[in-house]
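Reader: Please take me through the chain shown below, one point at a time. Which details can be read from the model?

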Amino acid sequence: MPQIVGGGVLIFIGALWLLERIGTVDISVTAVLALATMVTGVSLMLLARHGSHTGLIVFGTVLGLVTLLTAAAPFEGFQGGVGDRTVQVSSVGELKTDYNLAMGTMTIDLREIDELTASTKVSASVGMGELVIRVPRGADFSVDAEVGAGEIEILGRLINGVGLDETYETPGFDDSPATLVLELQAFTGRVEVSDG
């Protein structure tokens, strides 16, 4: 019986993520995990009379911890679905206010932007995975990158560890009339900024 419950919870999580991915529903990863944790908890209560269910208890505990981590994330990184996404931007007018991905790799390619405004801002976050930003070669830009656990690479300079908070400005940033301001976050994983 515990295997059936565990399998059912996994099917439930997978179904909600699939529906979110194809655009049928709009639900965050945190909400999916919270619902799955509740289903597991109710199942444990109902099965308590029928002996010990160690596997289901371990499954529920791990699921609860993951839910807690995503809920406690200091930013909105656990929104925007799962998978790999590439965003090609060719003008400032195409930029969105925020780019979010819950799990996976998100690449935002800004290399085709030919005219930046006085302070073009890009905010992006990934819950678990990789965030890659490609900036126009020769552009003046600043980076404010935060990673809970993982690594940050800016123009080939790499740092890794826990609780990373890295800032960077190109040499001509302060005097440039057209700049790119990047605010990047990953709960766990990697943030990369390159001009290649």
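**A strand residue, the sheet and a salt-bridge network**

Reader: Does Ser 142 count as buried or exposed, and at what relative accessibility?

Author: This is a predicted model, where local features need pLDDT of at least 70 and side-chain atom pairs count only at pLDDT 80 or more, while totals for chains, interfaces and linings use all residues. Residues are numbered from 1 along each chain as its sequence is written, and side-chain values use heavy atoms, with hydrogens and water left out. Buried means under 20% relative accessible area, exposed over 50% and partly exposed in between (1.4 Å probe, protein chains only). Ser 142 therefore counts as buried, its relative accessibility being 10%.

Reader: Which residues does Ser 142 touch, not counting those up to four places away in sequence?

Author: Ser 142 has its place in strand E4. A contact is a pair of heavy atoms within 4.5 Å. With residues up to four places away left out, Ser 142 touches Tyr 168, Glu 169, Phe 173, Leu 180, Val 181 and Leu 182.

Reader: In what order do the elements of the chain run from the N terminus?

Author: Helices (H or I, at least four residues) and strands (E, at least two) are DSSP runs, numbered from the N terminus. The chain has three helices and six strands. From the N terminus on, their order is α-α-α-β-β-β-β-β-β.

Reader: What percentage of the contacts with a separation of 6 or more is between residues 24 or more positions apart?

Author: Buried residues account for 40% of the 196 residues in the chain. Among contacts with a separation of 6 or more, the share from residues 24 or more positions apart is 63%.

Reader: What share of the accessible surface belongs to carbon and sulfur atoms?

Author: Accessible areas come from the Shrake-Rupley method with a 1.4 Å probe, and for residues only the protein chains shown count as cover. The chain has an accessible surface of about 10,100 Å². The part that belongs to carbon and sulfur atoms is 58%.

Reader: What is the order of the six strands in the open sheet?

Author: Two strands pair if DSSP finds at least two bridges between them. In general, strands of a sheet pair through backbone hydrogen bonds, either parallel or antiparallel. Here the pairing is mixed, and the open sheet has the order E1-E2-E3-E6-E4-E5.

Reader: Which are the edge strands?

Author: In the order E1-E2-E3-E6-E4-E5, each edge strand pairs on one side only. These edge strands are strand E1 (82–88) and strand E5 (157–169).

Reader: How many bridges join E4 to E6?

Author: E4 and E6 run parallel. The number of bridges that join E4 to E6 is 14.

Reader: Which residue in E6 stands opposite Ile 133?

Author: E3 and E6 also run parallel, joined by 14 bridges. Of the 16 residues of E6, 12 are buried, so this strand is largely enclosed by the rest of the structure. The E6 residue opposite Ile 133 is Val 193.

Reader: Which residue in E3 is the bridge partner of Asp 109?

Author: E2 and strand E3 (residues 120–134) run parallel, with 11 bridges between them. The bridge partner of Asp 109 in E3 is Arg 134.

Reader: What is the relative accessibility of Thr 107?

Author: Thr 107 lies in strand E2 (residues 98–109). Beyond its neighbours within four places in sequence, Thr 107 has contacts with Arg 85, Thr 86, Val 87, Val 132 and Arg 134. Thr 107 counts as buried because its relative accessibility is 17%.

Reader: How far apart are the closest N and O atoms of Glu 151 and Arg 190?

Author: A salt bridge is a side-chain nitrogen of Lys or Arg within 4 Å of a carboxyl oxygen of Asp or Glu. The structure holds nine of them. Glu 151 and Arg 190 form one, with the closest N and O atoms separated by 2.2 Å.

Reader: Is Glu 151 buried or partly exposed, and what is its relative accessible area?

Author: Arg 190 has a relative accessible area of 16% and is therefore buried. Glu 151 is partly exposed, because its relative accessible area is 22%.

Reader: Which residues are linked in a network of salt bridges?

Author: Arg 190 also meets Glu 153 in a salt bridge (2.4 Å, N to O), and both of these residues are buried. Another salt bridge joins the side chains of Arg 190 and Glu 192 (3.2 Å, N to O). The residues of the network are Glu 130, Arg 134, Glu 151, Glu 153, Arg 190 and Glu 192.
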